[in-house]
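Good morning, and thank you for joining. Please look at the model on the screen while I go through some of its side-chain and helix contacts.

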Amino acid sequence: MESAKLVSLLRTSITCKSVTPAKLIHQKILTQGLQNNTLLSKTLIDLYLSCHLYPAAKLVFHSIPNPSTISLWNSLMTAYTKHHMFIDALELYDKLLRCPYLCPDSYTYPSVLKACAALGRVGIGRMIHNHLVKTGFVSDIVVASSLVVMYAKCSVFGCAIQLFDEMPQRDVACWNAVISCYYQDGQADKAMEMYDKMTTSGFEPNVVTITTVISSCARLLNLERGREIHKALIKNRVDLDSFVSSALVDMYGKCGCLDMAKEVFQQVPRKNVIAWNSMIAAYSVTGDSNSCVSLLRRMIDEGTSPSLITFSSILLACSRSLQLQHGKFMHGYMIRNCVEADIYIYSLLIDLYFECGTISSAENVFEKMPKTNVVSWNVMISGFVKAGNYFGALGIYDEMIEAGVRPNDITVTSILSACSQLTALEKGKEIHRTVVDSELEINEIVMGSLLDMYAKCGAVDEALNVFKKLPSRDLVSWTSMITAYGSHGQAKEALKLFDEMQQSNAKPDGVTLLAVLSACSHVGLVDEGCHYFIQMISKYGIETRIEHYSCLIDLLGRAGRLNEAYQIIQRTPQIREDVQLLSTLLSACLLHRDHDLGLNIARLLIEKNPDDHSTYIMLSHSLASGNKWNEMRKVRLKMKELGLRKNPGCSWVEVNRRIQYFFVQDKSHPESEMVYQCLKLLKTHMDGDELVSHWGSAIIHTI
């Protein structure tokens, strides 16, 4: 009778979370010798745990000489997992296994498996699974469901799904686990399929189910299905908690339905950081950095601290809208508030500064960020490549190798692009060796970049070797190889490969036909080029672009069919006003000494773009070749009046795997004196050769 009263008092203390009365009751239990009473001990442990007095709870349990009731063990283990004391739970389970007179039961395993899931201890989970199979506990629906959840949370999706499929009976928890498995594995469509099976099997989805399913709709951009689920929730008067509301805001935002996202967001009574982040992310999708920053201010004013996800969404919005000032504001806010940025935030900052053209700011961020991870180097290399600073990209790559960081497929793809643009063949070959050493030859994107690099560097044989080794040939690889042949005068091989491509059922696109037309242009296959141009429209239904017309005009121009080329430009509205095409035809007029047509085109060009120095220079050359010296002088004087100057030429050479670059009259290179001495010596030898002395002087004068 006394013990029943004490239990009642302890339960009252649990409700009130009163520690002082509890300690008095505990003292009475000890003085009356009731410490071995299972119910009293269990209730006392629950009381201490509810008051977060974990050492006291543990002390009560260990003070029992022989805790012979499994419910006592289970109670403490459940309390441990409930209060996130997962290591303590596993230690208690280990102690239970060594207890000679007790065995775990079906109430023990859910708590232990929950601890394994939280700690990622899949090895222990597998051992428990084997034991459950032997003891038959695996047939218990709650135990089996806990196993499915454990495998799911440890990212062992295959085992989770297999076990789920083998279960004769299921509960909502295991359905949720499998739906989550498919979602986390990137199979959102499969997650939706499992949700449909769950509902048709008569199970009532809970908040966890709905949150995952709405997130799946967001990933699939399935606005219609997301709306259906939302309407069903409203119809069934389901109380939308912050997690479901946040998922809805995220779904509507990603599907471009911003008004609905705002409507749901406004209805959230107590907005947590997830809700704020979802709404900010919705604005970020549209690049509305102004609204993102406004929401951030509201969020802070209402007492919610932003997270790294908040900052990443706003920085993405700034990059998309090229809003440098907002980006700088966010960067400054993070510095002032001592925010510990992760690699993703640093990468977004660098990307923002590159997108906005402030390379020095990107370099400053890079200097301050940790550089042990390949990601930090990749974002800098790709930034330089996107900005067209290929020398900078190569410099960062060399620093990365010196720092001992191993490049990955993204590094290789970016740096090969830089090599392609600079035609840095030796550097490209060095990267090729890295590809082999890193076993990246099975990566189609890497091999495609390698093929493109060799093609653009003129190494046709090496390009062909890579092409033959490709695991599979896509449209890009076929086009790159055709370009390699065409760019280096092997038009017949290019056209033969184009025929092979058609036989392989790969459908050519505008870029492929551009490569074919370019191949014809390089060797003067005029009729073939015109044939493929017509085929592009009639057979393949490809829309002609400026680039295709440029090849056709160049092809006709090289062949001297100048009037035909001019007529095409004049009768095609799409290209009639194009300065680049007119400039191409003007060059052809100079080549074939058609001064009258050349002068007409030059005047047209000057009218359209009076500030372009190249037109004046070509016009003066045309006048000079026609012995119209007075008119030529007038053109030169006009250039001087307008302050037009030819941009200095730039060239580079690759020596010992390093790129050396030079400008006209450049003396900044440390070995410039030796370079000019070599040029002087070369001029002397050229002057001594009667066959080339005149042309040699002209070339050296130009240099």
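Are Phe164 and Trp175 buried or exposed? Phe164 is buried, and Trp175 is buried too; buried stands for under 20% relative accessible area, exposed for over 50%, and partly exposed for what lies in between, with a 1.4 Å probe and protein chains only.

A word on conventions. This is a predicted model, in which local features need pLDDT of at least 70 and side-chain atom pairs count only at pLDDT 80 or more, while totals for chains, interfaces and linings use all residues. Residues are numbered from 1 along each chain as its sequence is written, and side-chain values use heavy atoms, with hydrogens and water left out.

Let me turn to the aromatic rings. Searching the whole structure gives twelve aromatic pairs. Rings of Phe, Tyr and Trp (its six-membered ring) pair if their centres lie within 6.5 Å; planes under 30 degrees apart are stacked, over 60 edge-to-face, and the rest tilted. Phe164 and Trp175 have ring centres 4.9 Å apart and planes at 75°, so this pair is edge-to-face. Because Phe164 belongs to helix H10 (residues 157-166) and Trp175 to helix H11 (residues 172-184), the pair ties together parts eleven residues apart in sequence. Helices here are DSSP runs (H or I, at least four residues), as strands are (E, at least two), numbered from the N terminus.

Phe498 and Tyr540 form another edge-to-face pair, 6.5 Å centre to centre with 70° between the planes. Phe498 is in helix H30 (residues 491-503) and Tyr540 in the loop between helix H32 (526-538) and helix H33 (546-558), so parts 42 residues apart in sequence are tied together. Phe498 counts as buried at 0% relative accessibility, and Tyr540 counts as buried at 13%.

Next, helix packing. Helix H16 (residues 258-266) and helix H17 (residues 273-285) pack at about 165°, their axes 10 Å apart; axes are lines fitted to C-alpha atoms, for helices over the stretch in contact, and angles run from 0 to 180 degrees between N-to-C directions. H16 is therefore roughly antiparallel to H17, given that angles under 35 degrees count as roughly parallel, over 145 as roughly antiparallel, 65 to 115 as roughly perpendicular and the rest as oblique. The contact (heavy atoms within 4.5 Å) includes Leu258 and Phe265 of H16 and Trp276 and Tyr283 of H17.

Finally, Leu221 has a positive phi, near 55°, and is exposed at 54% relative accessibility.
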